Amino acid sequence: MAKLVIVESPTKAKTISRFLSGDFVIKASMGHVRDLPASASEIPAKYKGEPWSRVGVNVEADFEPLYVVPDKKRKVINELKEALKKADELILATDEDREGESIGWHLSEVLKPKLPVRRMVFHEITREAIEQALNETRDIDLNLVRAQETRRILDRLVGYTVSPLLWRKIAPKLSAGRVQSVAVRLLVLRERERRAFVPGYFWDLKAYLNKRPDKAAHRFEATLVSVGSKRVATGRDFDETTGKIAAGKDVLLLDQQEAEALAARLLKGQWTVRELEEKDAVRSPYAPFTTSTLQQEANRKLGLAARETMRIAQNLYENGYITYMRTDSVHLSDQAINAARRRIRDLYGAEYLSPQPRRYQTKTANAQEAHEAIRPAGDQMLPADSLPLEGREKALYDLIWKRTVASQMANARLKLTTATIEVDDALFRATGRTVLFPGFFRAYVEGSDDPEAQLESQEQPLPSLAVGEEVDCRDLEAVGHETKPPARYTEATLVKALEAEGIGRPSTYATIIDTIQERGYVFKQRKELVPTFVAFAVTALMEKHFEDLVDLKFTANMEQQLDDIAAGQADYLNYLREFYLGSDGLENQVKTREAAIDPRSASTVELGNLNAEIRIGQYGPYVAREDNGDRLTVGLPGDMPPADITDALIDQLLHKKNEGPRTLGVEPESGLPVLVKTGPFGPYVQLGEDDPDSKKKPKRASLLKGMSPDAISLDKALALLSLPRTLGDHPESGKPVKAGVGRFGPYVVCDGVFANLKHDDVLTVELDRAVELLAEKANGGGRRRGATKSVIKELGDHPEGGAIQVLSGRYGPYVNWGKINATLPKDARPEEVTLEQALALLAAKQTKQAKPKTKGRKKA
């Protein structure tokens, strides 16, 4: 009989099957097979009358969770049970972290095997790792399972206890979360700082200098630092709340007129090198990637969101290209260190190796999860160009490869030079940087969260200078500056902050960021994460009445408690009782404090310095103002940053509302006017006027992100109103592919499969791109743009050039030539298809696509 091996995904199962013999049957559970009820419909009939069933946790019975198998998982469970009947041993090979341990335990509980069960763990999918894992199996670690279960129960109790209070006090459909509320508070605190910020203004001088006698070849710049022995003010000298020089700072503050007058005087003076300082500096390579540092760098360098980074990384791991991607360890195995050092010697030479192997120590508080950093799998350390990867998969793998290799390279050596230039009573400073030996810079330089910062590997040399040497000033420019408010968080800096505070874990960062956006607490403005007015209201309520739940240290301590449970050093039941029950428990806090929370006060956003009131209503935030005894109100756009709202902006919004809708033109077929209007959820276009006597509402379409209601044209408006639009028939199924805009933004859809349009324009996306995105989604993210395709057979070249292949698709095998795809007949065996048959199928498809499509009018 066979040994049944269960993993989470088909991709992982396929990769592992390359290394196991015919005695093994590998099946996928498709993630978790059971969970707490997601809705009332999932609650079993015998529990529906229980008061705790809605929460899914029986608090009175020692916090016993109610686990249910969702309908969509029943088919998977039945298939696994059938496979188990033919096996003599069950091997649970789910991921090695708490989540994977929990999936393995749930599988064991649901399948109820009456045969030996072993737990198999590995952090990379290579032959050596799989064979070693088979020889070192163990039992399920119930401490890890308890830790994951406790986290799940905590999240459910917080969400289901506090969220209904938010509905009653602020607005419907709001939610609170054990970690999400803390993340939102971090963003709100930063936005409050930006709102309280008052800019300061100062001027200085920039000198453009030449070394004599070769003026063209030895140009450099210097900045004014002092006049008359008094330091010139810079941005760090200002008080952020007043825009003035901070108390106790004795500096010279120049305005434009003074700076220009000083420039005119100094330009006539004699410029001499007064001091010269040179020092050598050493830069050491960075530690290999953890989950958080990978997410940060992928965001900085590749522009990837945390969720996208993890999706691509998981695909790379499951296909055997990298080690496990959820980890906060920076440790590298001896195998990895040796592979990296061999690759460095081959590519760069022995002089680029560090003298001794570098071994990094994890510094993150409460580090846990997997026991090795994220690195290329195996013992070859293959560069990206030598692997069948393309697009974002190749880019992310290349980032991981470079970081890993660089970690074993020699230090970079720099020469830093500072020259002080004197003219009359003023001093200027020039700085230079020269790379003496690039070391690990050859492979990798870490990105910066400051877009204006120079990378360390960039050279900026000064000419050879000597004390007492005269230099020429060819120009002297007065430069004005304005101090900047604290920068908003990006995904990279938020992950960094959460990790530094000990909030969340590697497996949760991407989910946290996704959740706070999906629930309307945060929106993206370029790369910035901006909290909404709703986030302000909810955070203020939580701070005032449930301070612990949004306190950074309290939340970090909760993570420590979970770590202690995972290590077997704490009792989960005692902790749950302490957190939820008793006079200080969450349950009693909500009951006793709810009466003191005034809904009107809770739904009012306090910003200060505003001649209006901002409130959260049933349809979102709005502003209200008293004007001659009248109460004027207008909805606030969902993408308006709270730090940026002013009385002038409110005046504009009220004025636009009073003006009424703007007519763009007439829709040709119906003759109805096309209007631009503003509603509670932002600007939109509408076909036809509102008819109070009709129950049928005019067709409407929200403006897309980045569209301005003042600049939208009639053509664009008509294009929005035409959504969803049909792009064509799917090349494999023949079913229509459509593009439209829904609750979660633009999408493409075919046969019930939806794929979000994150980087493509819903108004211009074409069929081929839509098919590609749908393939990615259908494969659970396994196939991505530019990823390797599953080729069944190579048929040869088309007479017009280009390869013809038989490929596997979601709807079955098909023939591909360039951008033409033709589905195989149902009775055709893909491995037996000939070149002649393929040419006939492709020709028929080309003929079909060439036929003009007739436009029909929809029935009213």
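**View 1. M30 sits in the loop between β2 and β3 (57–58).** This close-up, like the others here, comes from a predicted model. If you set aside the neighbours within four places in sequence, the residues in contact with M30 are E8, P10, K73 and V76. Take V76 as one of them: M30 and V76 are 46 residues apart in sequence, yet their C-alpha atoms are 7.7 Å apart in space.

**View 2. Four strands form an open sheet in the order β2-β1-β5-β6.** The pairing in this sheet is parallel. At the edges you will find β2 (24–28) and β6 (117–119), each of which pairs on one side only. From one strand to the next, the twist averages 25 degrees. For a look at one pair, follow β1 (residues 2–7) alongside β2: the two run in the parallel sense and are joined over five bridges. A handy landmark here is L4, which stands opposite V25 in β2.

**View 3. Helix α3 (residues 98–111) packs on the sheet.** The strands that α3 touches are β1, β5 (87–92) and β6. To place the helix against one of these strands, compare directions: that of α3 makes about 150 degrees with that of β5.

**View 4. Helices α8 (residues 291–302) and α11 (residues 391–406) pack against each other.** Their axes are 11 Å apart and meet at an angle of about 120 degrees. Roughly perpendicular pairs span 65 to 115 degrees and roughly antiparallel ones are over 145, so α8 and α11 are oblique to each other. The crossing of α8 past α11 is right-handed. On the α8 side, the contact is made by T293, L294, E297, A298, K301 and L302; on the α11 side, A395, L396, L399, I400 and R403 meet them. Sorted by class, this contact has seven nonpolar residues, one polar residue and three charged residues.

**View 5. T532 lies in the loop between β15 (528–531) and α14 (533–545).** Is T532 buried or exposed? Its relative accessibility is 10%, and T532 therefore counts as buried, the cut-off being under 20%. Around T532, again leaving aside neighbours within four places in sequence, the contacts are G520, Y521, V522, F523, G638 and P642.

Technical notes
Residues are numbered from 1 along each chain as its sequence is written. This is a predicted model: local features need pLDDT of at least 70, side-chain atom pairs count only at pLDDT 80 or more; totals for chains, interfaces and linings use all residues. Side-chain values use heavy atoms; hydrogens and water are left out. Two strands pair if DSSP finds at least two bridges between them. Axes are lines fitted to C-alpha atoms, for helices over the stretch in contact, and angles run from 0 to 180 degrees between N-to-C directions. Contact means heavy atoms within 4.5 Å. Angles under 35 degrees count as roughly parallel, over 145 as roughly antiparallel, 65 to 115 as roughly perpendicular and the rest as oblique. A crossing is left-handed if the near helix is turned anticlockwise from the far one by less than a right angle, and right-handed if clockwise. Ala, Val, Leu, Ile, Met, Phe, Trp, Tyr, Cys and Pro count as nonpolar, Asp, Glu, Lys and Arg as charged, and the others, Gly among them, as polar. Buried means under 20% relative accessible area, exposed over 50%, partly exposed in between (1.4 Å probe, protein chains only).
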